[in-house]
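Colleague: Walk me through reading this model, feature by feature. Give me the general idea, then the case at hand.

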There are 2 protein chains.
Amino acid sequence: MRMEAFVKPFTRDDLGRCCIHTMTTKPWGLAEAARAYAAAGIGGITVWREHLEGAPLAASAGLLRDSGLRVVSLCRGGFFPGTTRAARTAALDDNRTAIDEAAAIGAPLVVLVCGAVPGMPLAEARKQITEGIAAVADHAAQAGVRLGIEPLHPMYADARSAVNTLGQANGMAEALGSPAVGVTVDVYHVWWDPDLEAEIRRAGEKLLSFHVCDWRTPTRDLLNDRGLMGEGCIPLRQIRGWVEQTGFDGPVEVEIFSDAYWGMDQAAYLERVVDAWAAHC
Amino acid sequence: MRMEAFVKPFTRDDLGRCCIHTMTTKPWGLAEAARAYAAAGIGGITVWREHLEGAPLAASAGLLRDSGLRVVSLCRGGFFPGTTRAARTAALDDNRTAIDEAAAIGAPLVVLVCGAVPGMPLAEARKQITEGIAAVADHAAQAGVRLGIEPLHPMYADARSAVNTLGQANGMAEALGSPAVGVTVDVYHVWWDPDLEAEIRRAGEKLLSFHVCDWRTPTRDLLNDRGLMGEGCIPLRQIRGWVEQTGFDGPVEVEIFSDAYWGMDQAAYLERVVDAWAAHC
């Protein structure tokens, strides 16, 4: 716990550094979410593409601009591997669209959930992911948007991402060598990793964004049972210390998928999110 | 997939190398399981301590001896970390008991699920695990029983094991430096690991046992939804190739926890297990 000495605990006065993912309050539409986050004094918003659907992009961009919130990132691009050429080409097109959407809403970053195909060897999936990011990196650079390779927890290696450690994400970002490409650290995916501190240090300036939530015991569902910060066993403040040692001083983003919390009144839930953020991050 | 060339696919003629964990057919008692495995031509059995409960140890040892099955290992020891001295001492006592039970039933190996305590820093849990194994290693050596450190999937890092990669298990076994201590490789826990091939090679002669099953997509439960070999995405034969390159020619053990399969007629299920083992391992 030696790094904690370097981390000043947050208070509600720090909410400018708090960012909420629209998927955290999934039942809300984009307008409702933006209004509520801003009213709560939260500084930033990360927009999921699901929350751009059903409205003209310009309208979404306008309401975000008017909200006063900092648009931190767009979630999510990626899902590069495919078993056919057509599928892989469609994935590249979709990533270019995501990059354009990010630019349109003022998001400087697209987070990449890189993809995996059940039965495809992981080594092949990783090769296709590297090729896919390489194919869209220039488009991102030209749009002024960066790409954050997010390692996903190994329990998602079958169908969501063949990139499962920060070491792999760092290696991929280094191999690609594009100033547009870096990594995203989500505590849920990497907290268990014995190499985490060293790999965060290695990421350095390539560490583009930082997501928090908590790991519940027991975890009742592989996808939608994330905990609020403080409800689980993840050493949030220690990991934030490691992240900030790289020079990162950006938003600390709340990304919680939870059937239980999505079933709550979302305004009451947002208050709990803010309290948990201020108390435990 | 280059290693597959070195691996001869199994057939039913190889069932002498098949071993079944009693927990795979959890509804059966030990006598029923041993009788059915032997009748199916299976060579080995790994006994879970749950299946030693409720009968004198000598009686279980006798029925195993009479079954003609090779007793491959006892599952499981471990769970070393604790928040009190009393808890840690009780864990050591329980591990010594497990070692004695293994010796009594003719099992040359106790598999260790090392333990974790929600909220205890993983580094502290790992330290306590190393100390715990060190404390019982001589007892194991004197009993002629070895200890297999089994890395568990990172989704169990909260409450079951702070050892989550084969690299960690190897490092721990090397640091302990006891001839009684090695590692156990279960494909379910490590198949996603980008360092798996190298770490299996590193384990070498310390690779004491090898477990198989498969990873289902989707996985509906974190604990009890393992698949039969061939039902999922784990490259079983490739991993067996890496394992056998170390010189390992021991049993290929089926360890499946599955609410769905436990709900089936276990005799019919055992036939499916044997078919899957011969077809996919």
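**Reading a predicted two-chain model**

Colleague: Let's start with a helix. Which residues of α3(B) are exposed?

Modeller: R85(B), A86(B), T89(B), D93(B) and T97(B) are exposed.

Colleague: Which residues of α3(B) are buried?

Modeller: A91(B), N95(B), A98(B), I99(B), E101(B), A102(B) and I105(B). They span an arc of only 160° around the axis, so they sit on the same side of α3(B).

Colleague: What is the general idea behind such a pattern?

Modeller: An α-helix has 3.6 residues a turn, so residues three or four places apart point the same way. Now apply that here.

Colleague: How do I check the length of the helix?

Modeller: Compare the expected span with the distance between the end C-alpha atoms. Helix α3 of chain B has 21 residues, 85–105, and at 1.5 Å a residue it should span 30 Å. Its end C-alpha atoms are 30 Å apart, so the two agree.

Colleague: What follows α3(B)?

Modeller: G106(B), with a positive phi near 80°.

Colleague: How exposed is A90(B)?

Modeller: A90(B) lies in helix α3 of chain B. It has 13 C-beta neighbours inside 10 Å, so A90(B) counts as partly exposed. For a distance, take A90(B) and F80(B): they are 10 residues apart in sequence and 8.9 Å apart in space, C-alpha to C-alpha.

Colleague: Which residue other than glycine has a positive phi in chain A?

Modeller: F79(A) is one, with phi near 50°. F79(A) sits in the loop between β3 (70–78) and α3 (85–105) of chain A. It is buried, with 22 other C-beta atoms within 10 Å. In chain B, phi of F79(B) is also near 50°. F79(B) lies in the loop between β3 and α3 of chain B, and F79(B) is buried, with 22 other C-beta atoms within 10 Å.

Colleague: Where is a peptide bond cis?

Modeller: From T217(A) to P218(A), with omega near -5°. P218(A) is in the loop between β7 (207–212) and α8 (236–245) of chain A. Chain B has a cis bond joining T217(B) and P218(B), with omega about -5°. P218(B) lies in the loop between β7 and α8 (236–245) of chain B.

Colleague: On to strands. Is β2(A) enclosed or open?

Modeller: Count the buried residues, then look at both faces. Five of the five residues of β2(A), 44–48, are buried, so the strand is largely enclosed by the rest of the structure. G44(A), T46(A) and W48(A) point one way, I45(A) and V47(A) the other.

Colleague: In which sense does β2(A) pair with β1 of chain A, parallel or antiparallel?

Modeller: Parallel. Strand β1 (18–21) and β2(A) share three bridges. I20(A) stands opposite I45(A) in β2(A).

Colleague: Take F210(B). What is in contact with it beyond its sequence neighbours?

Modeller: F210(B) is in strand β7 (207–212) of chain B. It has 24 C-beta neighbours inside 10 Å, so F210(B) counts as buried. Beyond four places in sequence, F210(B) is in contact with V185(B), V243(B), F248(B), G250(B), V252(B) and E253(B). F210(B) and V252(B) are 42 residues apart in sequence, yet 5.7 Å apart in space, C-alpha to C-alpha.

Colleague: Last, the two chains. How many residues of chain B are in contact with chain A?

Modeller: 22 residues of chain B, facing 22 of chain A. That side of chain B has 14 nonpolar residues, seven polar and one charged.

Colleague: What rotation superposes chain B on chain A?

Modeller: One of 180°, with 0.0 Å of shift along its axis and an RMSD of 0.0 Å. That is the relation of a two-fold axis. The same surface serves both copies: 100% of the contact residues of chain B recur in chain A.

How values were computed: Residues numbered from 1 in each chain as written. Chains lettered and ligands numbered in written order. Predicted model: local features only at pLDDT ≥ 70, side-chain atom pairs only at ≥ 80, totals over all residues. Contact = placed C-beta atoms within 7 Å. Nonpolar A, V, L, I, M, F, W, Y, C, P; charged D, E, K, R; others polar. Helix = DSSP H or I, 4+ residues; strand = E, 2+ residues; numbered from the N terminus. Expected span 1.5 Å × (residues − 1). Buried ≥ 20, exposed ≤ 12 C-beta atoms within 10 Å, placed from the backbone. Arc of directions from axis to C-beta. Least-squares fit on C-alpha atoms with pLDDT ≥ 70 in both. Pairing = 2+ DSSP bridges.
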